[in-house]
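Visitor: Could you put the model up and walk me through it?

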Amino acid sequence: MWVTGMNEKTYEQIYEQCKDQIMKANRMMLMRVSLFFAALCVCIGAVVAKLYGTMPTLLMLVAAAIYAAVWVMARIYASKAPEIITPLIYFFLSVTFAIAMYQGIYASPNSIASTFYVVLVALPLLFICRLNAYNSFIIGVCALFMILSFAARENAIALNDSLHIGICAVLEVFVCYNMYKIRVEAIYNKIIAEEQRDIDGLTGLASRRKFDQLLGAFRDEDERITGIIMIDIDHFKKYNDYFGHLQGDECLTQIGKIMQEVGKEYDMVFARNGGEEFAGISKVYRYDQLASIAEEVRKRVEEKAIPHPGTKKGIVTLSIGFAEWRSCNVIDVVDLVKKADKALYYVKEHGRNSVCGFGSIAS
């Protein structure tokens, strides 16, 4: 369900729930803008060198070096230590506001601080920060600007700037508040959509997409899966032909619940690969244990005694094949799935409603 009509407390809860994704988005944005600002400072430094001399150029080059350092930190270290992303953001903001203050108060003492106004309104569009912390930061920056402005410039100019900054600050709070809501909702809805794609809507098991993702995630030796279980409902086409597809969906739902129960008990992931085909992934179990788990699934479905006139027993039954990594001498996870499939087809060719491991066929 898409998020609408949330209050501030709900947004804070969702912020916590989506914090990893929000930090990833902030990190990518920080990398882009810090690199852009570094290049911009170099370009500005090259231009002002001919017009204003060495000092402004040196300041721009220092700023460029700082932005480049922020980029390096975000690029290299923030991926391993995401807790530094928020401090890096506020450091980036502090440097940017400091440059805008320098330009508005000291470099152009007799003009309005237009650069500071733009920065004040535009920066909230870049990052997703907690509203209270960010607004407190902005209030502090505005207060510091006013103090420095009255100290360094004529009162009339400083007062004019203060009025403009007050208007910009109100606009900033409004923009920041609404952008925060929009972006938090967007990230949350994206997460919900991802989760829905990962779950089979009928059975509640993992989807085929999620199953393929899990297989792809276990290619390293340290995270290698130990076994695959392939499951097929016996003569399910006959079941649909006899009872209809609505009853067929109900049958799949009941079998899905059984697999969910077994998955929770044995810490395994079961997925619906399409139609009446299912699969299980093991990260810890060996051959004999996989055989026991597969038999447990088969037995529980049989004990459910769902009527099926198309099978020998007159009830819904399962054919199950499995393969265990160590006993099969497989090349990769794709080969492991193929061997589990061969074990499944062996069962289907030899009477169905039973469990067989690839090791039994090979021997």
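Predicted model: local features only at pLDDT ≥ 70, side-chain atom pairs only at ≥ 80, totals over all residues.

Visitor: Okay, how many helices and strands does the protein have?

Guide: There are 14 helices and 5 strands, taken as DSSP runs numbered from the N terminus (H or I of at least four residues for helices, E of at least two for strands).

Visitor: And what is the radius of gyration of the protein?

Guide: The protein has 31 Å, whereas a compact globule of 363 residues would have a value near 21 Å; the radius is taken over C-alpha atoms, and the globule rule is 2.2 Å times the number of residues to the power 0.38. Along the principal axes, the C-alpha atoms fill a box of roughly 100 × 45 × 30 Å.

Visitor: How much of the protein is buried?

Guide: Buried residues account for 45% of the 363, where buried means under 20% relative accessible area, exposed over 50% and partly exposed in between (1.4 Å probe, protein chains only).

Visitor: Switching to rings, how many aromatic pairs are there?

Guide: The structure holds 17 aromatic pairs, meaning Phe, Tyr or Trp rings (the six-membered one for Trp) with centres within 6.5 Å, called stacked if the planes are under 30 degrees apart, edge-to-face if over 60 and tilted otherwise. For F97 and F137 the centres are 6.1 Å apart and the planes at 55°, so this pair is tilted.

Visitor: Where do F97 and F137 lie?

Guide: F97 is in helix 4 (residues 85-107) and F137 in helix 6 (residues 131-152), so the pair ties together parts that are 40 residues apart in sequence.

Visitor: Last one, what is K304 in contact with, leaving aside its neighbours within four places in sequence?

Guide: K304 is in contact with Q254 and I258, contact meaning heavy atoms within 4.5 Å. K304 lies in helix 11 (residues 287-304) and is partly exposed, with a relative accessible area of 45%. Between the C-alpha atoms of K304 and I315, which are 11 residues apart along the chain, the separation is 8.6 Å.

Conventions: Residues numbered from 1 in each chain as written. Heavy atoms only, no water.
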